[in-house]
Amino acid sequence: MMDTAPVVLIDDDSELRRATRQTLELAGFSVSAFAVANEALAGLDANFPGVVVSDIRMPGIDGLQLFDRVLQLDADIPVILVTGHGDIAVAVKAIKDGAYDFITKPFAADRLAQSVARAAEKRRLVMENRALRESAEQAQDGLPLIGQTLAMERLRRTLRQIADTDVDVLVTGETGSGKEVVASLLHRWSRRARGNFVALNCGALPDTVIESELFGHEAGAFTGAQKKRIGRIEHSSGGTLFLDEIESMPASTQVQMLRVLEMREVTPLGTNEIRPADLRVVAAAKVDLGDASRRGAFREDLYYRLNVVTISIPPLRERRDDVALLFFYFAERAAARFRRQMPAVPASVHRHLSQHDWPGNVRELAHFAERFVLGLEEAAQAPPSAPAEPDDASSLPERLERYEANVIREALGRNDGDVRRTIEALGIPRKTFYDKLQRHGIVRSDFSR
């Protein structure tokens, strides 16, 4: 429960209003109580972070008219209606129209407090999702290396400082952490931005091909070389050369690359012609090349030649506060690409985002966001079922009641909270369905996507 969640309470009965206010304040809520709806509406807007509790029968603007006004302000503000038995049909219609819950008089104090607590948690989630979506939209407008943690702020600041210095840079980080993003930013933020950004994954090419790709070749330089080819080094002259997984570069190529870095010139295969290369090299490695035990066959002199500036990208598990923001960024982007509506993000997904270690880092998170948008992450999206209680301490009627409540919750979950499909699946009349929801304290809208 959100301990300080604000509640706007409207009831023209002063005694009931005072008692209800006391009940909610004892439950930990901050309550603003009003006798008339107009005064309450004056303090409500789309940024209201709490819950509205209103009697239905009131002079002037009644509870249903108040509910309509709140819907116009923000359809996601939870409204709980308090009604007498004679107005149950009206309240049920309001539920269909989007009211969060209704409670009949007289009601138990804990029944109201529990409903308000669930509504407050739902509102908190809505507001959190909105804030993250707004931040994600700002990120889509050009904020690179998304993240608000100190580590990411420091990383962006470092990149700004070195981008225009032309020094070679070694980027280290786990798989999927965004090493190419760093290299791309160093290029974009430098005076080399008008030149080419040329990327080569050293681990993706066989030894027989990588030299030709890097240095280029003349026609006839080797079997199959039918025409002249400009190599990646020469093509990146005036721009930036990004060498990913450089720890996988063959030993013979490392020797040639060391000369390129020292002399800033390249000799294509099949010729003795030396061509100048105005390049900046950004190399990336998944291992710590400074550790001789992990460096393997990678040349120590090449490591020191590349290691003018080293930038280390922290893994996602070390900056958990950035995970939700990144998720919304990727989900919004995926929704646009797949031409889907961005789904509401339930609490179960927020829990997964905060608890998972993300060994695949940003790449894994991006793929998770895409699957979520496509509806393929059902386990993460499913509403949590009621916790099981030990049967040996319960009577048979209590066990049956609990079983019935779980069956209703499961049916609502399978049908995304849709009333028509749920009552068809359960095979019960609509009025019986709503009576059971009220008896078990089940809020249908908790299961809506």
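Select helices α14 (residues 347-355) and α15 (residues 361-373): their axes come within 12 Å and cross at roughly 170°. The two helices are therefore roughly antiparallel to each other, a label given to angles over 145 degrees, whereas angles under 35 degrees count as roughly parallel, 65 to 115 as roughly perpendicular and the rest as oblique. Helices (H or I, at least four residues) and strands (E, at least two) are DSSP runs, numbered from the N terminus. Axes are lines fitted to C-alpha atoms, for helices over the stretch in contact, and angles run from 0 to 180 degrees between N-to-C directions.

Now show the side chains of V349, H352 and L353 in α14 and of L365, F368 and F372 in α15, which make the contact; contact means heavy atoms within 4.5 Å. These residues divide into 5 nonpolar, 1 polar and no charged. Here Ala, Val, Leu, Ile, Met, Phe, Trp, Tyr, Cys and Pro count as nonpolar, Asp, Glu, Lys and Arg as charged, and the others, Gly among them, as polar.

This is a predicted model, in which local features need pLDDT of at least 70 and side-chain atom pairs count only at pLDDT 80 or more, while totals for chains, interfaces and linings use all residues. Residues are numbered from 1 along each chain as its sequence is written, and side-chain values use heavy atoms, with hydrogens and water left out.

Next, colour the strands of an open sheet with the order β2-β1-β3-β4-β5 and parallel pairing; two strands pair if DSSP finds at least two bridges between them. At its edges are β2 (30-34) and β5 (101-104), each of which pairs on one side only. From one strand to the next, the twist averages 20°. Within this sheet, β1 (residues 6-10) is joined to β2 in the parallel sense over 5 bridges, and V8 stands opposite S32 in β2.

Follow β5 onward to P106, in the loop between β5 and α5 (109-140). A cis peptide bond, with omega about -10°, joins K105 and P106.

Then select another open sheet, of 5 strands in the order β7-β8-β11-β6-β12, with parallel pairing. Its edge strands, β7 (197-201) and β12 (309-312), have a single partner strand each, so one side of each is left without a neighbour in the sheet. Inside the sheet, strands β8 (residues 240-244) and β11 (residues 280-285) run parallel and are joined by 4 bridges; F242 stands opposite V282 in β11. Helix α6 (residues 150-162) packs on this sheet, touching β6 (169-172), β11 and β12, and its direction makes about 155° with that of β12.

Two loop residues complete the selections. Most residues other than glycine have a negative phi, and most peptide bonds are trans. D166, in the loop between α6 and β6, has a positive phi of about 70°. E245, in the loop between β8 and α10 (251-263), has a positive phi near 50°.

Finally, display the whole protein chain, with its 19 helices and 12 strands. Buried residues make up 46% of its 449 residues.

Methods: Buried means under 20% relative accessible area, exposed over 50%, partly exposed in between (1.4 Å probe, protein chains only).
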